[in-house]
Amino acid sequence: MIYENPDKVKIGLEIHVQLNKANTKMFCGCTTDYTESGPNECVCPGCLALPGVPPVLNQSSIDFAIRIGLALNAKINKETDFYLKNYFYPDLGSGYQTTQFDKPIVYDGYVLIDGEDGLEHKVRIRRAHMEDDPAKLVHFGTIDKSTGSAADFNRSGMPLVEIVTEPDMRSPKEVRRFLDKLRSILEYLDVVDSTREGSIKADVNVSVQNKTRVEVKNISSHRAAEKAAQFEIMRQKDAYRKGKEVVQETRHFDEVRNVTVSLRAKETEDDYRYFPAFDLVSYKITDKKIQKIKDRLPELPDAKRERFVKQYDLSEALAKSLTTEKEFADFFENAARKTDPKMAASWADIIRGELNYRDLSVKAIKTEELIRIVELVSENKINDVGGVLIVRTLLDEGGTADQIVKAKNLGIAEDDETKKAAVEAVSENPEAVSDYLNGTEKAINFIVGKVMQKTKGKADAKTAREMVIEAIDEKYNGN
Amino acid sequence: MSETIKSVKEYISKEGAKQAFKRAENVIKTKPECENAIITYSNPDFSKVTNESGKLYGIPIVISDNISTKDIETTCASNILKGYIPPYKGDAEQKLEAEGAVILGKGNINEFLIPNAPSFIGDVKNPYDDKYTAGPAGGCAVSVLAGSVPVSVASDAYGAVRLSASYTGITGFRPTYGAISRYGLIYNSGSTDQVSILANKVSDCATVANVLGGHDKRDTMSLLDPLDFEKGVSKARKKIYDSDLLEGIKIGIPENFIEGADFEIVKNFEKAIKIFESLGAVCETCWFEAAEFSNEIHEIITAGEASAMLAKYDGTRFGQRIDSDNWHEMVAKTRTLFGKSVQDEIIFGTNLLRSKQIQKYYMKALKLRTDLVEEINSLFKTYDFLISPTTIKIPAVSKDLENWFLTDKSITSINLAGLPAISVPFKKYNGIPTGIQIAGNLKKDSDVLKTAYIFEKKSKGEN
Amino acid sequence: MFDESYVKESAESAHIYINEEKLGEYTERLNERMKRIEKVLDIEPKTNKTTINPSDRSTVLREDVKETGLTHEEAMKNAPDEYEGAFRVPKII
Ligand SMILES: [Zn+2]
């Protein structure tokens, strides 16, 4: 089935990626790791824009940008240069942002996502360019009723790559999928730690029915991007239905109310007076350099997924779930090498669910524990319920799988213990038994549940079921 | 070969750095021609002047006020920067101190060195005729002329160093773009400005250039291979120079550098040519077509760059602030602390970069700059040097500085191409000194200095 | 010839406050300045290649190695106004 996109929704994104995995800022030697520092503690005369400091371009910002370009199936400009974008704002110390203009380092690429119709959908990348991040402003009071602000330049000069897509996304869900996929790729490339606040930000451009394009800014999460697109589509459709026009403008996303709001319309269009950055002559990128970076590119999510499907005989869905995060994929694969890969995959997926639920990273659990759980289950020392309990206890309280098995007495119940529980359950629940005997097959599950309760989940479910039927037969049929 | 520095050093080794400093300070504070020469005096810690074997041990030096000096107020001669105390050392300060030099103070300049922008403390008058200015780096030039310091380190934006040298009868040397680090240089025009040197003697320029030169990874334009300003000439050339001659050297005289010059200036210049010829050089007039528009493209490019570089003065992180309850208004009011000419420069540059203007002027100027650079390359295939009067105009009338504009092709074309050039004093015009400019090809700094040295020697007594 | 509103726009863009009654003077000076450079309008460059800097090499890159910057005290030393270690500014819009 081909997705028809009845409202002709077209969504494009501009994604700002902070290259915080570089050691230093874009034009100075200040650290990019300022999260634990107080305001203006990670600055130098350069990023503070004091008079008299020329910019010197960080090698990593170029390398990272090329890495991103290659991973986005894009072309790399053989000669790239910088422009100055001039405007006044308290977070912009120098009064200009150093950015790129008509020779972006990366252009003409694409990312494949799962489309609305379940088919593979191509989102084209128009370009990706380098620029530097402004400082951080904290406003006193609310944005519209501010009484002032304070500027912290720790973030000033952080290297950024801005990725611009074509308006190829046809629904908010595709926006979400694109962003998830992009984040996954960027994490694989080891250019960004996306857990850091504001490390990936997106502007969303939305139009419907091939009409006015509206830009929504100030979006800090994938969920928010999806919500903003949802609201904008609704708002624009609504306007056209009522015969109104949609104004071409920049709107602001209010994350609390999940709505986009119009920023005060400016009288004149901003003129940023872009002109060539005279301190940074153009940078020539050789094929050799590109090849060198290509050779060192890690295996990317799509390739890894395909390999997992083939190598470990996993389903597409499971392989995809395991490969979304690189660290998690490694976590699984390290276990798969030492134990049954298919079991390791399904247990890894369970662990992933529990980690997500707790908002924990994969660092919270060691590969050895995954291996041990797989061993315990496959040797029939614990059952699935016990396995899940181990994972939860491990994440909540710590310890090792073996310690938890012992402490919580999770070993699989001996047959006579199950037998005893089955006999008790049958005599304590005559109604369920009579339902069963009258042909309600499902009633048996209720009694099996009671057996599990009595054995604290240690009983093997299949054995318990057999023993319940046996107990009923003994009691009512006299066998 | 440095002469003045050597004599000062000998004096220092007997009396100590502190006395030398006192003497320098005394000269500048008492000689009437040094009025306004220094914006801020330093308060050096002599316990830190320990490198007795340093090339500049104990030598007092004036640094122009558009070069960052740690803990010494740096204002660029502008009200907007009044009270600004840099928390870091510029490269010039670092290197001078490492060789044992002592900073006497910050030399007065035009506001942000802009040609028609008077310093906020007042212009430095020309010692030969106080109706006229001593030049855009007047404070630096006058402190050398008065004998307070043997050298001053300034920058040659808009030809400030060469013009000031010419006006005051001293020597001003601008090295190849990138040969001396710009780290700490507060430039408006990053593509034309260059740390430069004012001194009494050519040889002193060379010595100090060698101290300041070398690769600095903090300046992206810094040359990767350091130039040797004193001994960087080729073997074949060395032989000629060592005999104090210019045998076989080919000198081009761009006819259009002299166009419009007063008869007397031309006459003086012809005498200079005679000296070069008497030294064995072959002098030949030539036409430098691209220089025909070098003033205009220099004006466009420097103003465009300045409009961006001067944007950081917004009263937010340093410098003066005029309060208002709205940030944008605060900035706009604070920026009225720039003098009138600087404001004009910024508005002029801003307008040139506006999207409706940029192709017409700025981008076109950048293309014409390519023409200029290419023509220079071909000129240097024929000639070793280009010579001319440093300027064909008399200095600006001090009180009328705001109406003065830079219109010397000999200055603007060299700056656009980043060439090394030196102004050597030669004769006077209307009682005010004039200079001869010798410009060389990129990185031929040592050749320029040697040639200037030989000319200086030969023309002795003709000032 | 630029009119006063053009000059006003440019000054606003450059964040330089001009008193209304002085606008005429600024306009006059800017127009004089434009006249001085009008020559370039008639010249055709021989090339389409721009020269933004006398340096003809590829940009020199910096190794991605951390360097010591300013102490917090040094960074704030010249601050006209401060709030809890950051630069305080009045409201922006
Ligand atoms: Zn920094």
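Predicted model: local features only at pLDDT ≥ 70, side-chain atom pairs only at ≥ 80, totals over all residues.
Begin by selecting residues 430-437 and 443-454 of chain A, which are helices α13 and α14, and look along their axes, which lie 8 Å apart and meet at an angle of about 145 degrees. The crossing of α13(A) past α14(A) is left-handed. To see what holds the contact, show the side chains of A:Ala432, A:Val433, A:Asp435 and A:Tyr436 on α13(A), and those of A:Ala443, A:Ile444, A:Phe446 and A:Ile447 on α14(A). By class, seven of these contact residues are nonpolar and one is charged, with no polar residue among them.

Next, turn to the cavities, of which nine reach 30 Å³ or more. For the largest, with about 500 Å³ of space, centre the view on A:Gly46, A:Val53, A:Pro55, A:Ser94 and A:Tyr96, the closest to its centre among the 39 residues that line it. That lining comprises 25 nonpolar, eight polar and six charged residues.

Then move to the second largest cavity, which holds about 100 Å³, by selecting B:Pro115, B:Glu299, B:Phe405, B:Leu406 and C:Arg33, the nearest to its centre of 13 lining residues. Two elements each give two or more residues to this lining, namely α10 (294-309) of chain B and α2 (23-37) of chain C, and α10(B) contributes the largest share, with four residues. The lining divides into five nonpolar, four polar and four charged residues.

Finally, colour chain B by domain: because domain 1 (1-288 + 380-463) and domain 2 (296-360) both give residues to the lining of the second largest cavity, that cavity lies between them.

Notes
Residues numbered from 1 in each chain as written. Chains lettered and ligands numbered in written order. Heavy atoms only, no water. Axes fitted to C-alpha atoms, helices over the stretch in contact; angles between N-to-C directions. Left-handed = near helix turned anticlockwise from the far one by under 90°. Contact = heavy atoms within 4.5 Å. Nonpolar A, V, L, I, M, F, W, Y, C, P; charged D, E, K, R; others polar. 1 Å grid on protein atoms, 1.4 Å probe; cavity = no way out; pocket = protein on both sides within 12 Å on 5 of 7 lines; lining within 4 Å. Points joined across faces, edges and corners; volume = space filled by probe spheres on them. Domains from an automatic or database assignment.
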